[in-house]
Amino acid sequence: MKLQQLSLFLENRPGRLGAPLEAIAAQGINLMTLSLADTAQFGILRLIVREWEQARQVLEKAGWVVNLTEVVAVDVLDRPGGLAQALKVLESAGLNIEYMYAFSLRRGDKAILIFRFEDPDQAIAVLTAAGLHVVDAEELFSHVA
Amino acid sequence: MQTELWNDAAGGFHPVSAPDFLPAARLEEVQLRRLRAVVARAFEHVPLFRQRLEKRGLTPEAIGSLADIARLPFTVKTDLRDTYPFGLFASPMGDVVRLHASSGTTGKPIVVAYTREDVDVWAEVMARTFAACGLHRGDILQNAFGYGLFTGGLGAHYGAEALGATVIPVSGGNTERQLMVLRDFGVSALCCTPSYFVHLIERAKDVGVDLKDLPLRVGVFGAEPWSDAMRQHIESEAGVRAYDIYGLSEIIGPGVASECAAQDGLHVFEDHFYPEIIDPDTGASLPDGEEGELVLTTLSKKAMPMIRYRTRDITRIISEPCVCGRTLRRIRRIGRRSDDMIIIRGVNVFPSQVEAALLQVEGTLPHYRIILTRERGLDQMAVEVEVTPEVFSDKIRALEEVRARLAQAIEQICGIRVDLRLVEPRTIERSEGKARRVIDQRNL
């Protein structure tokens, strides 16, 4: 039920973002989504790709420090209040979100929320029990197949 | 001593400076007598020195001439660390009236001691230093060297008082207050690190004060290396004569050597501190005029005699007479060192200290480098550390914590604030052989 997310350390200066993305592209690997967190001095690039093992290998071979994290994807209706509804469930269960990002699917009326929790299994149980739909890798990537 | 008859702006000579002008033969007599006494004292009271002499089959009687000093073993900075804190003392604590300390190579400070006599000698050599820089009774000296464990503040303080100048013990830092004192107290002389004075010049400009309009006449600068270009900058921007002084805690603090009006090398107060130059690789003695590592022997220190202390400072001895008339030999201004010590804002920092801090936080040693810059006259130290898989996290907060822990560990060990930057792996240049750990962009 969990997704593998790759994280990369980047210095916060011009041109640093392009290189790892090019390295992945050269392998024919398509990005499902990404998020970039930054401070004045450095940033963390987080990637969701189907071929995460291959991407990780390529990036590490090229010298990047890559971190592998399990994250949870939830789909909600792509309309006002979609995210708020999911957040309310997490809040009432007292679950802390480390960080999150979201994107819309090209087809259909769904948006995907990616959550990073300290305990993803507990979060999945809470979300599922509340009737929310947790998306696994197979289902997620079938949207772009 | 009726200093008022001698030591005013018109007279310009204080009797304390008399040893500066001893005839060479008389000076050597004094040196030999004192050398024999200090070697005997160290032999009797300092076990480490005694063992080293005995290992070579030597006794203090081996010193028959000044040249025999070359037969004695060297003392190095790690000796002070290995005997921390009091192992090299030659006086019982009851005779010690003062302790100072400075940073060592691995985080442990080195401790130095002074008897009443040592403190008096220190005041004397600092008085001679200020006299050589043209100070006299009636001068108002702003002492911006730090007061405390650092030897700069108190060393300059007692010397200036002994000379009969008026001392303002403002200590280091607090630039606003420095400028207020400088502007309002009729300050005619100031002592601090050269980089701090450049900072003062810039801050004075910011608040619309032109130092050239003030009575400030003399700047006495030490505790870190600085260039002739920097001297020219200081002299033209502040309208002062800028003098270089030299010293180190292990020997006494400031007061080992000083420039004179000629600004052409620093006279070593060699009736108290005997200078030699050696080849830093072989330890062999080099003749006057040749460049090598400066080695100093304290001829009159009681509490903590230093025999052939390797300073790691690279210079050469000038034995030709000086136009000022002083017979004391001079050393060229120190430009570099034979080890990797960095002097930043008067604080001694070794890359090994930074390594110890990084190791302490990360468990393994990441690739790193130290970058030194000078911003608005103040030295800044940045440490770039490559991110390793061990510390990398997908969470910003976790990385910020790593950064803060690294910076804090370095600050604790080195005693200096650093700008810690996490950088991408493999971005710090690897060199074959010795890594280039220090990038100095200060244009010293």
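**A friendly note on a two-chain predicted model**

1. Let's start inside chain A. Between domain 1 of chain A and domain 2 of chain A, seven residue pairs are in polar contact, both residues being at pLDDT 80 or more. A polar contact here is a pair of N or O atoms within 3.5 Å; within protein, one must be able to donate a hydrogen and the other to accept it, and residues adjacent in sequence count only if both atoms are side-chain atoms. On the domain 1 side of that contact, β1 (2-11), β2 (31-38), β3 (42-49) and β4 (66-77) of chain A each supply at least two residues. Strands are DSSP runs of E with at least two residues, helices are runs of H or I with at least four, and both are numbered from the N terminus.

2. A word on the ground rules. This is a predicted model, in which local features need pLDDT of at least 70 and side-chain atom pairs count only at pLDDT 80 or more, while totals for chains, interfaces and linings use all residues. Residues are numbered from 1 along each chain as its sequence is written, chains are lettered from A and ligands numbered from 1 in the order in which they are written, and side-chain values use heavy atoms, with hydrogens and water left out.

3. Where do the domains of chain A lie? Domain 1 covers 2-69 and domain 2 covers 70-142, with bounds from an automatic or database domain assignment. Their C-alpha centres are 22 Å apart. Together they bury about 1,500 Å², 65% of it on carbon and sulfur atoms; buried area is the accessible area (1.4 Å probe) that two parts lose on being put together, summed over both. In domain 1, A:Lys2, A:Leu3 and A:Met32 lose the most area to domain 2, together 48% of what that side buries.

4. Domain 1 brings 19 residues and domain 2 brings 13 residues to the contact, which means heavy atoms within 4.5 Å. The buried area is about 1,300 Å². B:Glu202 and B:Arg376 form a salt bridge at 3.9 Å. Helix α8 (residues 194-206) of chain B gives the most to the domain 1 side, with seven residues.

5. Chain B also holds an open antiparallel sheet of five strands, in the order β11-β10-β12-β13-β16. Because β11 (285-286) and β16 (336-337) stand at the edges with a single partner strand each, one side of each is left without a neighbour in the sheet. Strands pair if DSSP finds at least two bridges between them.

6. How do the chains meet? In all, 28 residues of chain A are in contact with 20 residues of chain B, and about 1,800 Å² is buried between them. There are five salt bridges between the chains; one of them joins B:Glu424 to A:Arg16, with the closest N and O atoms 2.3 Å apart.

Conventions
Salt bridge = Lys/Arg side-chain N within 4 Å of Asp/Glu carboxyl O.
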